[in-house]
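This report covers strand pairing, aromatic contacts and a surface patch. Please keep the structure open while reading.

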Amino acid sequence: GKRYMEGQSFDTDFLVIGSGFGGSVSAMRLTEKGYRVIIAEQGKHISPETMPKTVRDIKQFLWLPALKYKGFFSLQLFKHVMVLHGNAVGGGSITYANTLLQPEDKIWQQGSWAGLHDWQAVMPQHYETAKRMLGVSQNKKVGNADFMLQKMANLSGVGDSFYLTDVGAYFSDHDKYAHPPVNGDPYFGGAGPKRSPCIGCGGCMVGCRYGAKNTLDKNYLYFAQKNGATLLAETKVTDIVPIADASKSPSDPAYQNGSQGYRVTLQSADKGEYQITTQQIVLSASSLGSQKLLFEQRHKGNMPHISPYLGKRIYTNAESLLGVRFLDDQHGAMSDGVAIGSGIYLGDGTHIEATRYPEGFNIASFLATLSNYKNGKKMSLLAWLWCFITQFIVKPRQAWRAFRPHNMAKQSLILLCMQSMPYALEMRYQKSPWWRAWLGSRYQMQTHGPAIPAFIPAASAFAEQMATQMGGVGYGVLSEVFLNIPTTAHCMGGISLGNSAADGVVDKYHRLFNYQGFYVCDGGNISTNLGVNPSLTITALTEHAMSHIPHKSTQLLHAADTTRQNLTLVQKDASKIPA
């Protein structure tokens with residue numbers, strides 16, 4: 001039955017917008033507490049049968065809804081950064097490299113969340129829960145790319161910093177959080193789905209078709225649905241309007257502050273446009289998606305009191321992407337292993353991870369060009385042409401083989417370079433250029449602020465040395481080489497935690513300032529550069545936020561008791577498994 005509050009009936013207790021790390025964690029924990037939950041996800045269900053087999057399956061791979069491409073990999077180019085991210089049921093977990101690293105404790109003393117909470121005391125328990133639920137284990141599929149990174153680290157004098165990544169993949173029942181499978185489930189005592197061990201194909205970022213990657217549909221989202229959550233795939237939220245309190249004057253701030261719930265407009269691929277009412281909302285549409293939705297609601301006047309701090313302090317982990325292509329197979333296939341299997345730290349603290357795509361997914365060939373190792377600025381077309389012509393004159397066979405798409409993934413070691421430098425951008429919601437307005441986008445998000453360097457001297461020197469000493473050809477990303485615009489898969493911030501609406505968008509419990517019953521839980525809450533992949537921190541922060549939402553009344557919990565208690569027992573048993 002529907003819950004009634006002051007004469008108002010609601011279609012659901014909570015609407016969760018987005019099914020990524022924030023949304024799936026929220027949905028599971030809320031259903032455990034007896035709430036009715038609807039999850040709205042604009043992406044599609046991705047199954048092993050519908051995953052692209054090569055990069056040529058572009059409609060199955062790229063997210064370009066204007067062209068009817070409904071894949072799970074998206075690129076957005078802004079003035080200051082090019083962002084890579086995912087769209088699918090399960091959010092970015094479908095296409096991320098399943099690297100789950102815990103950042104250094106110093107991050108809690110940086111950024112807008114510093115001093116809001118005793119983070120170093122409260123977060124370890126939530127990180128531990130996140131690791132257990134996501135089945136974090138040290139990489140056991142060490143490939144040629146990892147050995148090459150280690151060899152180059154030794155030659156550069158930083159060999160001691162080499163490590164194997166912690167990843168969310170099932171290798172065997174000897175993993176830290178796994179145990180002998182029950183009904184094929186190695187994590188939750190038979191309550192979870194059947195799994196298969198990783199084969200090291202390198203395909204983590206194009207969708208795991210073997211059931212080894214611990215995507216959210218194998219844990220948090222799986223249990224949310226098992227507990228009764230309704231998932232609406234290919235459904236986009238377009239409007240959020242707080243329901244007015246008829247007992248208050250329209251001039252009263254409490255007249256439309258969410259205390260009476262929300263009326264939400266959905267746009268569905270099969271149902272068209274329709275509305276539902278919800279008592280509370282958890283917004284988890286990713287940093288970019290959540291910012292855009294909040295900007296739109298404030299601009300339309302639906303939620304005019306959203307903090308002016310929205311869009312401030314956007315972080316990118318100060319990333320850069322470099323690559324080395326080995327033209328012959330003397331070093332073996334670079335595509336074997338997990339997507340990100342190892343990492344090192346250079347002397348200046350720059351973090352480099354060995355990254356790969358599986359054989360056949362020659363994505364780098366569309367984004368790569370000759371690297372400008374020695375330029376700290378964009379490369380002019382004339383300078384690039386000179387380098388290109390010189391390469392073909394001096395080593396024509398090598399130059400041709402270096403950039404042809406065939407075998408690009410198999411022969412390439414991609415270097416994901418990150419820094420914890422305090423670079424930050426600002427996102428604003430502004431009128432579009434005339435050509436965008438002509439296409440129907442009257443307003444859009446645009447980045448502002450000092451440029452984030454695309455050129456990381458230590459990383460470029462490392463890549464150049466690797467190419468020279470190991471018989472490879474170096475390359476960079478087109479946007480970094482020609483535009484001096486860095487590329488990131490880790491767009492964070494913009495919906496920062498703060499003391500008030502004057503210095504943040506949500507409080508330390510992720511509650512939206514000036515509105516009731518409205519939470520934001522996703523990468524937008526990251527309030528400083530982490531220097532590592534953020535998925536584990538997003539999961540842990542959401543666990544913290546959900547832990548402070550009270551259970552629904554005992555009478556309404558009865559229907560969910562059995563499922564919730566069984567899962568709790570499974571989790572307790574799993575937590576006792578020795579490391």
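Buried means under 20% relative accessible area, exposed over 50%, and partly exposed in between, with a 1.4 Å probe and protein chains only as cover. Tyr170 is buried, and so is Tyr187. The model is predicted: local features need pLDDT of at least 70, side-chain atom pairs count only at pLDDT 80 or more, and totals for chains, interfaces and linings use all residues. Residues are numbered from 1 along each chain as its sequence is written, and side-chain values use heavy atoms, with hydrogens and water left out.

**Aromatic pairs**

Rings of Phe, Tyr and Trp (its six-membered ring) pair if their centres lie within 6.5 Å; planes under 30 degrees apart are stacked, over 60 edge-to-face, and the rest tilted. The count by this rule is 14 aromatic pairs. Phe14 and Tyr35 make an edge-to-face pair, 5.1 Å centre to centre with 80° between the planes. Phe14 lies in strand S3 and Tyr35 in the loop between helix H1 (21–32) and strand S4 (37–40), so this pair ties together parts that are 21 residues apart in sequence. Phe14 and Tyr35 are both buried. Tyr170 and Tyr187 are also an edge-to-face pair, at 5.9 Å centre to centre and 70° between the planes. Tyr170 and Tyr187 both lie in the loop between strand S11 (166–168) and helix H5 (220–226), so the pair ties together parts that are 17 residues apart in sequence. One aromatic cluster takes in Tyr170, Tyr187, Phe188, Tyr222 and Phe223.

**Strands around S15**

Helices (H or I, at least four residues) and strands (E, at least two) are DSSP runs, numbered from the N terminus. Two strands pair if DSSP finds at least two bridges between them. Strand S15 covers residues 272–283.

| Partner of S15 | Sense | Bridges |
|---|---|---|
| S3 (residues 12–17) | parallel | five |
| S14 (residues 262–268) | antiparallel | seven |
| S27 (residues 518–520) | parallel | three |

Which residue of S15 is the bridge partner of Ile17? The partner is Leu283. Val264 is bridged to Ile276 in S15. Ile281 stands opposite Phe518 in S27. A hairpin of three residues joins S14 to S15.

**Surface patch**

Leu385, Ile389, Ile393 and Val394 form a nonpolar patch on the surface, with about 380 Å² of accessible area together. Patch residues have over 30% relative accessible area and no salt bridge; nonpolar side chains (Val, Leu, Ile, Met, Phe, Trp, Tyr) are joined within 5 Å, like charges within 9 Å. A salt bridge is a side-chain nitrogen of Lys or Arg within 4 Å of a carboxyl oxygen of Asp or Glu. Areas come from the Shrake-Rupley method with a 1.4 Å probe. Val394 is in helix H8 (residues 381–394). Val394 counts as exposed because its relative accessibility is 57%.
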